[in-house]
Amino acid sequence: MRYSIHLKDKPPIDMDEESLSGIEALKHLGVKGLERFAALKVNGELRDLAGPVDPVSELEPVSIDSEEGLEILRHSASHVMAEAVKKLFPGVRVTIGPAIENGFYYDFDYERPLREEDLPLIEEKMQEIIEADLPFKREEMKSRDAINLFKSEGEDYKVEIIEDLAADNVSLYTQGSFTDLCRGPHLPSTGRIKAFKLIKTAGAYWRGDEKRAMLSRIYGVAFSDRKRLKEHLQRLEEAKKRDHVRLGKQLDIFSTYEEIGAGMIVWHPKGGILRHIIEEFEIREHLKRGYEIVKGPQILKTDLWEKSGHFDNYRENMYFTEIDKQSYGIKPMNCLSHMLIYRSRIRSYRDLPKRYFELGLVHRHERSGVLHGLARVREFTQDDAHILCTPEQLDQEIKGVLDFVRDVMEIFRFEYELEISTRPEKSIGTDEDWDRATRALIKAMDDNSLEYQINEGDGAFYGPKIDVKLKDALDRKWQCATIQCDFTLPERFDLVYIDTDGQRQRPVMIHRVILGSLERFIGVLIEQYAGAFPVWIAPVQACILTVTDRNIAHGEKILKDLMAADIRAEGDFRNEKLGLKVREAQLQKIPYMLIIGDKESDKGGVTPRLRDGRNLPFMTGGEFVNLIQEDCRQRR
Ligand SMILES: [Zn+2]
Ligand SMILES: [Zn+2]
C-alpha cells in the first residue's frame with residue numbers, strides 16, 4: 001500500500017508498506033523517545049500507538065504527560081486492576097472502569113464487598129502484570145459474538161452494556177488473560193504504567209440506581225512518574241488531615257445519622273455558634289448593601305411550581321407532600337415567595353432596584369452516591385437574594401454583586417475563578433431572552449476586566465449564570481457564589497413596574513448567592529483552616545485553664561468578664577493535670593488558652609498562650625478583651 005505520512009506542520013514522506021502501525025510510522029518520521037508517548041492522533045483522531053495508521057495520515061504523538069495521555073494511562077491502569085482482581089477473586093464480575101481526575105476506578109460485583117485490606121494484594125498483582133509488560137491488543141467484533149464471549153465468561157454486566165449500545169460492532173481490548181469491552185485507546189503495553197497506587201474502596205450502585213446491585217468500587221491514582229505520584233499522595237495526606245468530616249467530629253461541629261436520613265446535617269453547639277456567626281455576618285453585609293430581609297414558607301402549592309417551570313424542569317430534584325388532598329412542593333429554591341412579595345403592591349421605577357435577601361432553607365434531592373459530609377447534602381441554607389431591577393440597572397446590579405463577592409472572598413482570604421454557564425438542554429424562555437441575559441453577564445465581566453471561562457450548557461433552567469469557584473489551601477475548587485440573570489420568571493409571574501411615562505414594564509430578575517450553601521461553605525472553611533479557625537469566627541475564642549483549685553475563683557471571674565464582653569469563652573476548672581487540659585484545648589484548636597496559676601490569681605490578670613504554643617506577656621483581663629476585639633475587627 002502507498003503511504004503518505006507527515007507530522008503536524010512537517011512535510012510528508014511517501015513509502016510502500018504492506019501495513020503501517022503508529023509506532024512504525026513515527027520511527028519512519030524519525031521521532032525519538034517513543035516510550036514517552038501514550039497514544040497517537042491520526043488525522044486528529046486518538047488511536048493506539050500499536051494500531052494501524054491511514055494511508056494518508058497527519059500524525060501527532062500524544063505525550064504520556066499530556067492531559068489526554070494521562071487519561072489513557074489511568075484508564076489502562078483500570079484494566080490492569082480489573083485483571084488483577086479477577087485473578088485474585090474468582091467469580092468476581094466486572095462492570096466499568098473509567099479514568100477520573102488524577103486516577104481511575106473500577107466497579108466489581110463480588111460475593112462480599114472488596115475492602116481496604118484487599119488493596120495491597122491487588123496492588124501486588126497489578127505490579128506483576130505491569131512488570132510482565134503485556135501488550136494491550138485491540139480487536140473488533142460483531143456485537144453478537146462479543147455478547148456470546150462475555151456470556152461464556154459469566155460477565156452479565158458487559159452483556160447488558162453491549163445490548164444497550166445496540167451497535168453492530170464493538171471493540172475489545174485484551175492484555176494477558178483479561179478482555180474488556182472498550183473504545184480505547186490504550187497504552188501499547190502494561191509496562192508503560194510507571195506509578196500508581198490504590199487509594200480506597202467504596203460502595204456504588206450499578207448505573208447509580210439504588211434499586212440495582214451494590215458494587216464494590218476501587219479507586220486508584222496513576223501518574224507518569226513516581227515523583228508526581230509521591231507529590232499527589234502527600235497532597236492526599238494533607239487533605240485527609242483537613243477532611244471536614246473527620247474534623248467536624250473531632251471539633252464537635254456536626255454529625256449525620258443513618259436513622260435521620262442521608263444528606264441531613266445535625267449541628268452540635270460548636271457548629272450552631274459557627275453558623276450563627278456566619279449568618280450574622282451575612283445579614284450585616286447585606287443590610288449595608290441595601291438588601292431587605294424577607295422570609296418565605298418551606299412548602300408551596302405544586303400549582304405554583306408548575307407555573308414557575310420548576311415542576312417541568314426541576315421536579316426530579318424536589319420533594320413533594322400532600323395536605324388536605326392538595327399537593328405541595330418543598331422549596332428547592334427561594335425565588336417564588338420573593339416574586340410574590342414584589343407583586344404584592346404596585347412598583348414604580350423609583351422603587352427599583354428591590355433586593356430581597358433570605359437565609360433560605362432548601363431541600364434538593366441529590367443521589368445518595370454523591371452525598372458527602374457538608375459538601376453535598378439534601379437540606380441546606382442558601383444566602384439567597386433576588387434583585388428586581390429595570391433593564392437599564394442590570395449592569396450596575398451585576399457589578400454590585402461581583403463587588404460583593406470580591407469583598408467577601410477578601411475577608412475570608414480566598415482566591416477564586418469565574419465561569420459563565422450558558423443555556424442547558426432543559427430550560428424555559430425564548431432564545432432572545434437567553435441571548436440578552438448571557439450578553440448582560442458577559443458585559444458585566446468585560447466592563448470590570450474580569451477573566452472568565454465559558455461553561456457551555458451548565459446554566460440554571462431559567463437563565464445563564466456566573467459561577468464563582470473559590471480555591472482552597474490545597475488548590476481545590478469549590479462552587480460558592482452564583483449570579484443568574486433571568487428575563488423569564490418575571491414574565492411568568494407578570495411582574496411589572498411603572499416607568500417614567502406611566503407605562504407598565506417588565507423588571508429583570510437576578511438570582512444570586514454569595515457563599516452559596518452555608519453547609520458547604522462551612523465545610524470549606526473547616527478544610528481551609530484545618531479546623532484552626534481565625535479568632536473572629538472560632539466557636540470558642542478563649543479557654544481558661546486553671547492550674548490548681550486555688551485558681552478557680554479567679555478563673556471564674558475572668559470567664560464572667562469575657563462573656564460579659566461578648567467573647568466566646570469556656571473554662572476548664574477540672575482537677576486535672578494542666579498538661580492534659582492544654583492538650584485537649586489544642587485538639588479543639590482554640591485560638592487562646594488562658595492559663596490561670598497563682599501569679600495570675602495574685603496579680604489579677606491572664607497570660608495568654610496561642611494555639612502554636614507561643615506565650616504572650618501577662619496582661620489584665622481588659623487588655624485581653626481588647627486583643628480579641630481587635631482580632632475580630634481585623635477579621636483575623
Ligand atoms: Zn478501556
Ligand atoms: Zn432564585
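This is a predicted model: local features need pLDDT of at least 70, side-chain atom pairs count only at pLDDT 80 or more; totals for chains, interfaces and linings use all residues.
User: Which residues of α5 are buried?

Analyst: They are Y157, K158, V159, E160, I161 and I162.

User: And what covers them?

Analyst: The cover includes β6 (93-94), β8 (103-109) and α4 (143-152). It also includes β10, β11 and β13 (214-223).

User: OK, zoom out. How many helices and strands does the chain have?

Analyst: The chain has 19 helices and 34 strands. Its C-alpha trace spans about 95 × 75 × 60 Å along the principal axes.

User: How much of the chain is buried?

Analyst: Of the 636 residues, 51% count as buried.

User: Now the metals. Which residues hold the zinc ion (ligand 1)?

Analyst: The protein donors are H75, H79 and H186, each through NE2, and C182 through SG. They lie 1.8 to 2.4 Å from the zinc ion.

User: Why is that arrangement called tetrahedral?

Analyst: Because the 4 donor atoms subtend angles of 86 to 133 degrees around the zinc ion (ligand 1). Four donors count as tetrahedral if all angles lie between 85 and 135 degrees.

User: What would the ideal angle be?

Analyst: For four tetrahedral donors, the ideal is 109.5 degrees.

User: How are the donor residues of ligand 1 spaced in sequence?

Analyst: The pattern is H-x3-H-x102-C-x3-H. H75 lies in helix α2, and H186 lies in the loop between β11 and β12 (195-205). So this pair ties together parts that are 111 residues apart in sequence.

User: Are H75 and H186 buried or exposed?

Analyst: H75 is buried, with a relative accessible area of 17%. H186 is buried too, at 0%. The cut-off for buried is under 20%.

User: And the other zinc ion, ligand 2: what are its donors?

Analyst: They are C335 (SG), H386 (NE2) and H511 (ND1). These lie 2.0 to 2.3 Å from the zinc ion (ligand 2).

User: What spacing do those donors follow along the chain?

Analyst: C-x50-H-x124-H. H386 sits in strand β21 (residues 379-389) and H511 in strand β28 (residues 508-517), so the pair ties together parts that are 125 residues apart in sequence. H386 and H511 are both buried.

User: Switching to pockets. How much space lies in the second largest pocket?

Analyst: About 650 Å³. It is lined by 28 residues. Nearest its centre are H75, L181, C182, R183 and G184.

User: What's the lining like by class?

Analyst: It has 13 nonpolar, 8 polar and 7 charged residues.

User: Last one. How many cavities of 30 Å³ or more are there?

Analyst: There are 4. The largest cavity holds about 110 Å³ of space. It is lined by 13 residues, and K270, F533, P539, V540 and Q588 are the closest to its centre. By class, the lining divides into 8 nonpolar, 2 polar and 3 charged.

Technical notes:
Residues are numbered from 1 along each chain as its sequence is written. Chains are lettered from A and ligands numbered from 1 in the order in which they are written. Side-chain values use heavy atoms; hydrogens and water are left out. On a 1 Å grid over the protein atoms alone, a cavity is a set of points where a 1.4 Å probe fits but cannot get out, and a pocket is an open set with protein on both sides within 12 Å along at least five of seven lines; lining residues have an atom within 4 Å of a point. Grid points are joined across faces, edges and corners, and a volume is the space filled by probe spheres set on the points. Ala, Val, Leu, Ile, Met, Phe, Trp, Tyr, Cys and Pro count as nonpolar, Asp, Glu, Lys and Arg as charged, and the others, Gly among them, as polar. Donors are N, O and S atoms within 2.8 Å of the metal (3.2 Å for Na, K and Ca); water is not among the atoms, so sites may look incomplete. Four donors count as tetrahedral if all angles lie between 85 and 135 degrees; four count as square planar and six as octahedral if opposite donors are over 155 degrees apart and all others between 65 and 115; anything else is irregular. Helices (H or I, at least four residues) and strands (E, at least two) are DSSP runs, numbered from the N terminus. Buried means under 20% relative accessible area, exposed over 50%, partly exposed in between (1.4 Å probe, protein chains only). Contact means heavy atoms within 4.5 Å.
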